[in-house]
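The sequence and the model are shown below.

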Amino acid sequence: MYDYDLLVLGSGPSGQKAAIAAAKLGRRVGIVDRRDMIGGVCINTGTVPSKTLREAVLYLTGLSQRDLYGSSYRVKEEITVSDLAARTQHVITRQTDVIRNQLARNRVAMITGTGRFADAHSVWVDSGSGRESKVTFDKIIIAAGTRPARPDSVDFDDRTIVDSDGVINLQAVPRSMVVVGAGVIGMEYASMFAALGTKVTVVERRDRMLDFCDDEVIESLKYHLRDLSVAFRFGEEVAAVEKHQTAALCILKSGKKIVADTVMYSAGRQGQTDDLALEAAGLEADRRGRIKVDANYRTTVDNIYAVGDVIGFPALASTSMEQGRLAAQHACGEPIREMHGLQPIGIYTIPEISFVGQTEAQLTDNSTPFEVGIARYRELARGQIVGDSYGMLKLLVSPEDGRLLGVHVFGTAATEIVHIGQAVIGCGGTIDYLVDAVFNYPTLAEAYKVAALDASNKIRNITRIDG
């Protein structure tokens, strides 16, 4: 007789959903995590704090209203870290309470501490009191998440040189900052601090940023960030960072030197598997701490599953939640459907980027004909009302049958309105539906109708000439 039918290591998005899904199927479920990490990295240092910080920055700087009230408009002249932290802490506390309540309502036992495997059916739990207790289980789901990767050559001090988890705990808004790495996290923080007035330099060893996004969208983002005085150093690598009394000196391999109050490394993430004693359960992780799983999220040991960031790509809160639910259902012997392959990507830079489906580059590489339909926010009444003159929505459409192949959005509420396109693509819809649909007015969603009409007119012109 085991203590639990299913045990979950980690209470982040994937762990929560796994535990609750199994509990709803009538299983005895326990979830192990530290008291100060309920909700995982997502709630405490990652997704939720960074997105809350973004909202606080947008509000306090008045950035999103400057088209209406002038370039000097600000809600608060001198923005401090405490101004930003107040909103962030409020949201973290509320979200933690919501998670605790959900787990309690579903009778999921909360086991406080850190777990490590004793064998394939038991773990030792260290509650921090100096004593360990053994917990047994039939099945287990590893949802331990990740931490920022820290290069050994860099002397992090969480003040002058920080990683993406530590940046939200800075004691003051830096006057200047070097962001190492132009990935999603790096660009999100670069745009936030630039909006606060920090002079930001982005250093990236590749020749471009966010290379999985639409080229036109990335060019638009670069233009807006340069307008906020962001400098880009592409094709460059950091050779060393020297800490001085008042600042840091960032030395690039090309010989360039950059002085900054703060250096933030965004060098990918490392699976938190070092302390799990995986070998005791017959498991191993790769050099990035990731665990290999099959299509049902089961590891090489039959009763052990792994989900979320700890299994690698795509490492998004949204996909991790679904992985947790599906793994729990499979572990409980329930029939499951595969996760839908059509998944939206949301990047919370300032301005936002979101897309679903294919890009122009992918379609071109596959020799797939397409037509483009574009709607610009400045041509929409709602765009004028919210003060967004730069936003755009782009539809990629098959000229043969009008099917929607991709949707790319840049600007206000991009991560929200992309789901309309996701639903149309997922249902095999065409732009005829968007042309004929009635949208609320005034809305940003109306951009779909404008872009669909644009693409439809282009296709009609080609058909008229080409037959």
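Does D158 count as buried, partly exposed or exposed? The model under discussion is predicted, and in it D158 has a relative accessibility of 43%. Because buried means under 20% and exposed over 50%, D158 counts as partly exposed.

## Overall architecture

The chain comprises 13 helices and 22 strands. Its C-alpha atoms occupy a box of roughly 75 × 60 × 40 Å along the principal axes.

Among contacts with a separation of 6 or more, 61% are between residues 24 or more positions apart.

## Burial, surface and charge

Of the 467 residues in the chain, 50% are buried. The accessible surface amounts to about 22200 Å², and carbon and sulfur atoms contribute 47% of that area.

The chain carries 52 positive and 58 negative charges. The mean position of the positive charges and that of the negative charges are 3 Å apart.

D158 belongs to the loop between β7 (146-148) and β8 (161-163). Its phi is near 60°, a positive value in a residue other than glycine.

Y297 also has a positive phi, of about 70°, although it is not a glycine. This residue is placed in the loop between β16 (269-271) and β17. The relative accessible area of Y297 is 12%, and the limit for a buried residue is under 20%, so Y297 is buried.

## Cis peptide bonds

The peptide bond from F313 to P314 is cis, with omega near 5°. P314 is found in the loop between β17 (304-306) and α8 (317-331).

A cis peptide bond also joins I350 and P351, where omega is about 0°. The loop that holds P351 runs between β18 (345-347) and β19 (353-357).

## The surroundings of T198

T198 sits in the loop between α6 (184-195) and β10 (199-204). With a relative accessible area of 2%, T198 is buried. A polar atom of the T198 side chain lies 2.7 Å from the backbone oxygen of P174.

Which residues does T198 touch, not counting those up to four places away in sequence? They are V173, P174, R175, S176, M177 and F193.

S398 is located in the loop between β21 (392-397) and β22 (404-410). Is S398 buried or exposed? At 4% relative accessibility, S398 counts as buried.

The side chain of S398 makes a polar contact with the side chain of D401, at 3.0 Å. When neighbours within four places in sequence are left aside, the contacts of S398 are with P369, R403, L405 and I459.

Terms used: Residues are numbered from 1 along each chain as its sequence is written. This is a predicted model: local features need pLDDT of at least 70, side-chain atom pairs count only at pLDDT 80 or more; totals for chains, interfaces and linings use all residues. Side-chain values use heavy atoms; hydrogens and water are left out. Helices (H or I, at least four residues) and strands (E, at least two) are DSSP runs, numbered from the N terminus. Buried means under 20% relative accessible area, exposed over 50%, partly exposed in between (1.4 Å probe, protein chains only). Contact means heavy atoms within 4.5 Å. Accessible areas come from the Shrake-Rupley method with a 1.4 Å probe; for residues, only the protein chains shown count as cover. Lys and Arg count as positive and Asp and Glu as negative; His and the chain ends are not counted. The place of a charge is taken as NZ of Lys, CZ of Arg, CG of Asp or CD of Glu. A polar contact is a pair of N or O atoms within 3.5 Å; within protein, one must be able to donate a hydrogen and the other to accept it, and residues adjacent in sequence count only if both atoms are side-chain atoms.
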